[in-house]
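Dear colleague,

I am handing over the structure we spoke about, with the sequence alongside.

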Amino acid sequence: MKKGKILAWLIALIFVVLAGWSYVYVKQAEKRNAVKIEKEEHNEQNKKLASRNRHLRYPINWRKSSQTIQYPNAAAVTDLSVKVSLTEQRVYLLSGKKTIYTMYAATTRKIQEKSAQVPVGTSEIEPKKGEFFYNPQTDQGGKYWVSWKGNGKYLFQTVPTNIRKEYLTDKASLLGKKEKVNTHGNIWLSVKDAKWFYNNIPSGTKVVVVR
């Protein structure tokens, strides 16, 4: 009888150990699987990012095009729109939901004055545009400017210039970088991007600015 109790106790103990081991094994397997899934998702995101950015020019050159590929034929693009990301400091040309070209940009960052901020929301390219402007209040100007809100208040333009149309290289070097910059509510582009934008993006094109 005593041996039977000992045997039963040993069997019960074995079952407890096996159950505990199974629980630990399952939890470790779940953890490994979760890590694997997370890694796969991260790799997929990196692939998408690399696919979108593989043609971006680097290092950034504020005089040249942002990408090393040709600009799209804007006149032939279906459902053309412009998306501006203040966080990423990028301007995206879209055909529907598909990004067809990416531009480095500089927009106001970490500036409290409301007048200096780039307004978030949906607007559209306006007819008002010009090859050069200069604002004595900010002591800055720009070339190839295109109004997108406020009838000339908010602009796409080149990196800034002085009154003599000379580019301000210290400001231009901030293009595409997530550093503190005051663009006075405008969106700066490289010289070549701004000129192409000026010549090719039609009035009425939707502009969406997001944080």
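Ala116 is buried, with a relative accessible area of 4%, and this residue is found in the loop between strand 3 and strand 4. Please keep in mind that the model is a predicted one. Although Ala116 and Asn186 are 70 residues apart in sequence, their C-alpha atoms are 8.2 Å apart in space.

Strand 2 (residues 90–95) pairs with strand 3 in the antiparallel sense, over 6 bridges. If you wish to follow this pairing residue by residue, Val91 has Met103 in strand 3 as its bridge partner, while Tyr92 has Thr102 in strand 3. The hairpin of these two strands has 2 residues between them, and Gly96 takes a positive phi near 65° there.

The largest nonpolar core has 28 residues, of which Phe156 and Phe197 touch the most other members. Two or more residues of this core come from each of strand 1, strand 2, strand 3, strand 6 (140–149), strand 7 (154–158), strand 8 (187–189), helix 3 and strand 9 (206–210), and the largest share, 4 residues, is given by helix 3. Apart from its neighbours within four places in sequence, Phe197 is in contact with Val82, Leu93, Met103, Ile125, Val146, Phe156 and Leu189. There is also a second, separate core of 12 residues, and among its members are Trp62, Val159, Leu175 and Val191. In soluble globular proteins, nonpolar side chains tend to be buried together.

The aromatic rings deserve a paragraph of their own. The structure holds 8 aromatic pairs, and one of them joins Tyr71 and Trp196, whose ring centres are 4.9 Å apart and whose planes stand at 15°, so this pair is stacked. Since Tyr71 lies in the loop between helix 1 (2–53) and strand 1 (80–85), and Trp196 in helix 3 (residues 191–200), the pair ties together parts that are 125 residues apart in sequence. Both partners are buried: Tyr71 has a relative accessible area of 19%, and because the cut-off for a buried residue is under 20%, Tyr71 falls on the buried side of that limit, while Trp196 has a relative accessible area of 11%.

Finally, two lysines lie over ring faces: Lys129 over the face of Tyr198, at 4.5 Å from the ring centre, and Lys165 over the face of Phe132, at 5.1 Å from the ring centre.

With best wishes

How values were computed
Residues are numbered from 1 along each chain as its sequence is written. This is a predicted model: local features need pLDDT of at least 70, side-chain atom pairs count only at pLDDT 80 or more; totals for chains, interfaces and linings use all residues. Side-chain values use heavy atoms; hydrogens and water are left out. Rings of Phe, Tyr and Trp (its six-membered ring) pair if their centres lie within 6.5 Å; planes under 30 degrees apart count as stacked, over 60 as edge-to-face and the rest as tilted. Buried means under 20% relative accessible area, exposed over 50%, partly exposed in between (1.4 Å probe, protein chains only). A charge sits over a ring if NZ of Lys or CZ of Arg is within 6 Å of the ring centre and within 35 degrees of the ring normal. Two strands pair if DSSP finds at least two bridges between them. A nonpolar core is a set of buried Ala, Val, Leu, Ile, Met, Phe, Trp, Tyr and Cys residues joined through side-chain atoms within 4.5 Å. Contact means heavy atoms within 4.5 Å.
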